[in-house]
Amino acid sequence: MNLRSEEDIIYLKENALLVSKTLAEVSKCIKPGVTTLQLDKVAEEFIRDHDAVPGFKGYNGFPATLCTSVNDEIVHGIPSDYCLREGDIVSVDCGTRLNGFYGDSAYTFAVGEIDAFKQRLLDITKKSLFLGIEQAFTGNRLGDVGNAIQNHAENAGFSVVQQLVGHGIGKNLHQSPEVPNYGRKGRGGKLRSGTVICIEPMINAGSRKIKQDSDGWTIRTADGKPSAHYELTVLIQPDSCEILSTFDFIEKTLNLN
Ligand code: MG
Ligand code: MG
């Protein structure tokens, strides 16, 4: 695990703030009739206007600024001319790179009015992220974080995607440790002060089984049921963690708080 210096933390905070604000800009545009490619343009312009570059564009060959994953798509959806429809949910994952460091955050949005089942999936997934975050402090283990997420999701009758995990973040978008969204209490690597990790539950309404599209990117549920994804970056500290990115900007634009 990489322990971050004070200066590294400043740069990671800048990125976390920018990626949080970028998702809020995107959230202002999410409504029926908008294409996911239009959302991508909004995000790219906003990031470049802040003297940063999109963190995902070109990463392992990914072609866009955002991953936009609709309904049964879990993650890594490629923005396209798909028009969002009333009742869709869209998971938007965004990365930034500024001053040599990365930011990475995700939020699942409702498009217009969604049904109660999808709303419950969003609520449970977001809550599972915050329950995981509560377990992220010095001396606790990765299994404690994953277990809190898994328990909450499975108690609600949902399932946890296991092939994709959270991660450390710094000068690399993805670095050690891996942060699974499942696990057993007291197992896994010990969290150390100064480590910065992204916690990002991907929760399926049905089975946890996944499949990949022929585009080589899009991951979707095998049973066609919807999936949700929320991601925040946290700095491990004694007794608790500092949450570096935030949903506050998004939820202000959505009038959720
Ligand atoms: Mg992400
Ligand atoms: Mg991530």
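**Notebook: pockets, strands and metals**

I started with the second largest pocket: strand 5 and helix 3 (116–134) each supply at least two residues of its lining. Helices here are DSSP runs of H or I with at least four residues, strands are DSSP runs of E with at least two, and both are numbered from the N terminus. A pocket is found on a 1 Å grid over the protein atoms alone: it is an open set of points where a 1.4 Å probe fits, with protein on both sides within 12 Å along at least five of seven lines. Lining residues have an atom within 4 Å of a point.

**Ground rules**

I noted that residues are numbered from 1 along each chain as its sequence is written, while chains are lettered from A and ligands numbered from 1 in the order in which they are written. The model is predicted, so I kept in mind that local features need pLDDT of at least 70, that side-chain atom pairs count only at pLDDT 80 or more, that totals for chains, interfaces and linings use all residues, and that side-chain values use heavy atoms, with hydrogens and water left out.

I checked confidence next. pLDDT is the predictor's confidence in each residue, from 0 to 100. The mean for the protein is 97, and 99% of the residues reach 70 or more. Confidence is lowest in helix 5 (residues 248–253), at a mean of 96. It is highest in strand 13 (residues 227–229), at 99.

**Pockets**

I went back to the second largest pocket for its volume, which is about 220 Å³. A volume is the space filled by probe spheres set on the grid points, which are joined across faces, edges and corners. The lining has 14 residues, and Ala110, Gln119, Leu122, Leu254 and Leu256 lie nearest the centre. I sorted the lining by class: eight nonpolar, three polar and three charged residues. Ala, Val, Leu, Ile, Met, Phe, Trp, Tyr, Cys and Pro count as nonpolar, Asp, Glu, Lys and Arg as charged, and the others, Gly among them, as polar.

The largest pocket has a volume of about 380 Å³. I found 20 residues in its lining, with Tyr59, His76, Leu164, His174 and Glu200 nearest the centre. By class, 10 are nonpolar, seven polar and three charged.

I then looked at strand 5 itself, residues 101–110. Nine of its 10 residues are buried, so the strand is largely enclosed by the rest of the structure. Buried means under 20% relative accessible area, exposed over 50%, and partly exposed in between, using a 1.4 Å probe and protein chains only.

Two strands pair if DSSP finds at least two bridges between them. I traced one bridge from Leu98 to its partner Phe101 in strand 5. The hairpin has two residues between the strands, and Asn99 there takes a positive phi near 55°.

**Metal site**

I listed the protein donors of the magnesium ion (ligand 2): Asp104 (OD), His167 (NE2), Glu200 (OE) and Glu231 (OE), 2.1 to 2.2 Å from the ion. Donors are N, O and S atoms within 2.8 Å of the metal (3.2 Å for Na, K and Ca); water is not among the atoms, so sites may look incomplete. Along the chain the donors follow the spacing D-x62-H-x32-E-x30-E. Asp104 bridges the magnesium ion (ligand 2) and the magnesium ion (ligand 1), which lie 3.1 Å apart. I located Asp104 in strand 5 and Glu231 in the loop between strand 13 and strand 14 (232–236); this pair, 127 residues apart, links distant parts of the chain. Both Asp104 and Glu231 are buried.

Strand 10 (residues 202–204) meets strand 13 over three bridges. Asn204 stands opposite Ser227 in strand 13.

I found a cis peptide bond between Ser176 and Pro177, with omega about 5°. Pro177 sits in strand 8 (residues 175–179).

Asn71 has a positive phi near 55°. It lies in the loop between strand 2 and strand 3 (73–75). At 18% relative accessibility, Asn71 counts as buried.

Asp239 also has a positive phi, about 75°. I placed Asp239 in the loop between strand 14 and strand 15 (241–243). Is Asp239 buried or exposed? Asp239 counts as exposed, at 70% relative accessibility.
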